[in-house]
Amino acid sequence: MDKYKKVLLPKNNYKPWLVSIILFVSDLISISLSFFAAYLLRGALIPSLGGNVNFKTLAPILYFLYIVILGLFVAYGFYPGSKKSGVIELQQTILLVSVSFVIIGLAIYIFGFGSQISRFVFISAWIISCIIISLFRLFIHNRGSLYSWWGQPIVVIGKEKDVTKIISRFRHARRFALKPVIALLLDEDYISGYIDGIPAFSNSGILQQEIRGYGITLAVFVTNTNEINRKQKKQIYELSLSFPDLIYVMGESTLSSLSMKPLDLAGSPAIQVKYNLLNNWSRLMKRFADLVICLLSIIITLPFFLLLAAFIYLDSPGPVIFVQKRIGKDKKYFNLYKFRTMVTNADEKLLELLKNDETIRNEYKKYHKIHNDPRVTRMGRFLRKTSLDEFPQIWNVVRGEMSLVGPRAYLPNELDEMGDFTSLIVRVSPGLTGWWQVMGRHDVSFQQRLKMDEYYIINFSLWMDVYIMVKTVWIIISGQGE
């Protein structure tokens, strides 16, 4: 193992203190910017609303916000903030910021300072803080996760099949800030090798202690839920002796903590699962939010998109809007609207490409799309890169045929390939954007898309929708679309 450590194990660059400092400073700046934005906004409205605003009077609120918000963030493990999904952190961020403003608001009322404080500034600072702190954290985690010192090194333990899957997921889900550096396999005939570039060895107590001595404190134990038995309970106990921090992954499942609630049934651990998106109240709230956001979007952005339509018309011959049949809720077909991004005879060209090029044929079979598709126009490449080609689907949302967030709107000829996923996916409205679009749109196979759509439906929450929409805005701004 000594030779292995020197040659194969990468240097442990993890710096949780540096990650914590960066996030702490980011939160400090976000709070300050939010408060000053609210203050300046109120000042700009003095000619309309009257009154006056004095920063010296308001300054104590800013200082209390620093103390309360950052204190709650520390208490809830936001520094360094690993092992949190983006949806969970967004939910906790908005709740903790809101609780902080409630606490300070109560203090202002109790101590009789209400008449001296601008309610407009206070409420505006609350709303802006929720937005700016969340966006700053999303950006910092996204950029920071690219550096080796951001992620905590971990050892993954389990059967080769399960370990391979979980390592792939950790590589994709950089937001968790957990970096597999070595795998210990429970397969009896396994000796040594590599899994997705990660060195792997047959599990043993000696190796566990060697790895622990290297400074790795977190182990991820993954196993199929059908294989839980006395032997594996013993393995978990033995692992806990080597690694003080242990994550137990219960096999492959579309369920997550967003849809599960732990229960204790007379000493037997159990999980309650709730399909939130199939709940009528959740659907009603989602529909209301869709309509409000769509109507506001149309009012604000209509001139810009009329300009885009003119560019599309001038760029290549053909209609500005592309209409295509898609599968909607309850298997009802509807016309989906998009800005045209391809030449007008795209279907005929596709058949020709699939017939003459085996590489393209295999790619299309797996992903149902073609990388660097030659049928895409110049304007179409821009629209796809920024995802602006999807904007006309807002009309589908207003009509009730789609939702802003949901599973993909599948083509009729894809119905057979959807298989067992069909019955669940068609129970809800398809979305303009969705989980797979923001979590892996470039390298996700058709079957993986179906699994990710299933995951979204099972684990839906309004927080998850907010997170997806924030990520969608980031994709549009950064130009990371297809």
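This is a predicted model: local features need pLDDT of at least 70, side-chain atom pairs count only at pLDDT 80 or more; totals for chains, interfaces and linings use all residues.
**View 1. Helices α5 and α6 pack against each other.** Residues 86-110 form α5 and residues 119-144 form α6; their axes lie 10 Å apart, at an angle of about 150 degrees. Because angles over 145 degrees count as roughly antiparallel, α5 is roughly antiparallel to α6. The crossing of α5 past α6 is right-handed. On the α5 side, look for contact residues including Glu89, Leu90, Val97, Phe101 and Ile108. Their partners in α6 include Phe122, Trp126, Cys130, Arg137 and His141. Sorted by class, this contact of α5 with α6 holds eleven nonpolar, six polar and two charged residues.

**View 2. Helix α4 crosses α5.** Here α4, residues 55-75, meets α5 at roughly 135 degrees, and the two axes come within 9 Å. That angle makes α4 oblique to α5. As α4 passes α5, the crossing is right-handed. The class count for α4 with α5 is 14 nonpolar, two polar and no charged residues.

**View 3. The largest cavity and its lining.** The model has two cavities of 30 Å³ or more, and the largest has a volume of about 50 Å³. By class, the lining divides into eight nonpolar residues, two polar and one charged.

Notes. Residues are numbered from 1 along each chain as its sequence is written. Side-chain values use heavy atoms; hydrogens and water are left out. On a 1 Å grid over the protein atoms alone, a cavity is a set of points where a 1.4 Å probe fits but cannot get out, and a pocket is an open set with protein on both sides within 12 Å along at least five of seven lines; lining residues have an atom within 4 Å of a point. Grid points are joined across faces, edges and corners, and a volume is the space filled by probe spheres set on the points. Ala, Val, Leu, Ile, Met, Phe, Trp, Tyr, Cys and Pro count as nonpolar, Asp, Glu, Lys and Arg as charged, and the others, Gly among them, as polar. Axes are lines fitted to C-alpha atoms, for helices over the stretch in contact, and angles run from 0 to 180 degrees between N-to-C directions. Helices (H or I, at least four residues) and strands (E, at least two) are DSSP runs, numbered from the N terminus. Angles under 35 degrees count as roughly parallel, over 145 as roughly antiparallel, 65 to 115 as roughly perpendicular and the rest as oblique. A crossing is left-handed if the near helix is turned anticlockwise from the far one by less than a right angle, and right-handed if clockwise. Contact means heavy atoms within 4.5 Å.
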